[in-house]
Amino acid sequence: SSAASDVYKRQVSTQSTWGLLRWQMDKDKTKGEEAPEELSKIRLTLSAKEIKPLEDVCSQILQKTKELNFKFRGPVRMPTKTLRITCRKTPCGEGTDTWDHFEMRLHKRVIDLNCPIKKVKEITGFKIEPGIIVNVSFPQFHSFFILFTN
């Protein structure tokens, strides 16, 4: 019985050795090759006070995405937020009731991309003008990251 168990142990050890060698050879074969990257849903939210620079950045992002052959959706124009402040003109509070009205408009665009997470830096790797805020979010992870703020 001890001789039979020794033979069995040798068979198991040679099988596991061949399995280990086969695994190592497969690992070495794929060492030089890059595995295809998994596509992720990425949402870029761009905000700015002025429309023209915002539209320029959106068009550059879409152009770069088309060059890399990734799918995208957008830019979706979100409703403009108008922030208004009304205050008295006179600092002392006396005199006629005259008022100043100030407003600031915030424009927002949303672009959805289907690309690997590592490619986002390549897509947005150009000079973004000051005053434009680019937020990057990953809907499948339910998390929120700020990539660029100028």
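Is Glu-55 buried, partly exposed or exposed? With a relative accessible area of 21%, Glu-55 is partly exposed, because buried would mean under 20%. The legends below walk through a predicted model, one close-up at a time.

**View 1. Glu-55 and Arg-77 meet in a salt bridge.** Start with the two side chains, whose N and O atoms come to 3.2 Å. Glu-55 belongs to helix 2, while Arg-77 lies in strand 2 (residues 71–88). The pair links distant parts of the chain, 22 residues apart.

**View 2. The largest nonpolar core holds 20 residues.** Ile-42, Leu-44, Leu-46 and Ile-111 are the residues with the most contacts inside this core. Two or more residues each come from strand 1, helix 2 (51–67), strand 3 (99–115), helix 3 (120–123) and strand 4 (133–138). Helix 2 gives the most, with 5 residues.

**View 3. Ile-111 and the residues it touches.** Leaving out residues up to four places away in sequence, Ile-111 touches Ile-42, Arg-43, Leu-44 and Leu-46, along with Cys-58, Ile-61, Leu-62, Arg-73 and Pro-75.

**View 4. Thr-45 is a buried residue of strand 1.** Its relative accessible area is 12%, so Thr-45 falls under the 20% limit for buried residues. Beyond its neighbours within four places in sequence, Thr-45 is in contact with Lys-108, Arg-109 and Val-110, and also with Ile-133, Val-134 and Asn-135.

**View 5. Glu-38 is exposed in a loop.** Here you can follow the loop between helix 1 (2–29) and strand 1 (40–48), where Glu-38 has its place. Glu-38 counts as exposed because its relative accessibility is 68%, and the limit for exposed is over 50%. From C-alpha to C-alpha, Glu-38 and Lys-118 are 10.0 Å apart in space, although 80 residues separate them in sequence.

**View 6. Two further salt bridges, out of 8 in the structure.** Arg-105 and Glu-103 meet through their side chains at 3.0 Å, N to O. Arg-105 is partly exposed at 45% relative accessible area, and Glu-103 is partly exposed at 43%. In the other pair, the closest N and O atoms of Lys-119 and Glu-122 are 3.5 Å apart. Lys-119 is partly exposed at 24%, and Glu-122 counts as partly exposed at 37%.

**View 7. A charge sits over the ring of Trp-99.** The charged end of Arg-88 is 5.8 Å from the centre of this ring. As for aromatic pairs, the structure holds 0.

Definitions and conventions: Residues numbered from 1 in each chain as written. Predicted model: local features only at pLDDT ≥ 70, side-chain atom pairs only at ≥ 80, totals over all residues. Heavy atoms only, no water. Phe/Tyr/Trp six-rings, centres within 6.5 Å; stacked < 30°, edge-to-face > 60°. Lys NZ or Arg CZ within 6 Å of the ring centre and 35° of its normal. Helix = DSSP H or I, 4+ residues; strand = E, 2+ residues; numbered from the N terminus. Buried < 20%, exposed > 50% of the residue type's maximum accessible area, 1.4 Å probe, protein only. Contact = heavy atoms within 4.5 Å. Core = buried A, V, L, I, M, F, W, Y, C linked by side-chain atoms within 4.5 Å. Salt bridge = Lys/Arg side-chain N within 4 Å of Asp/Glu carboxyl O.
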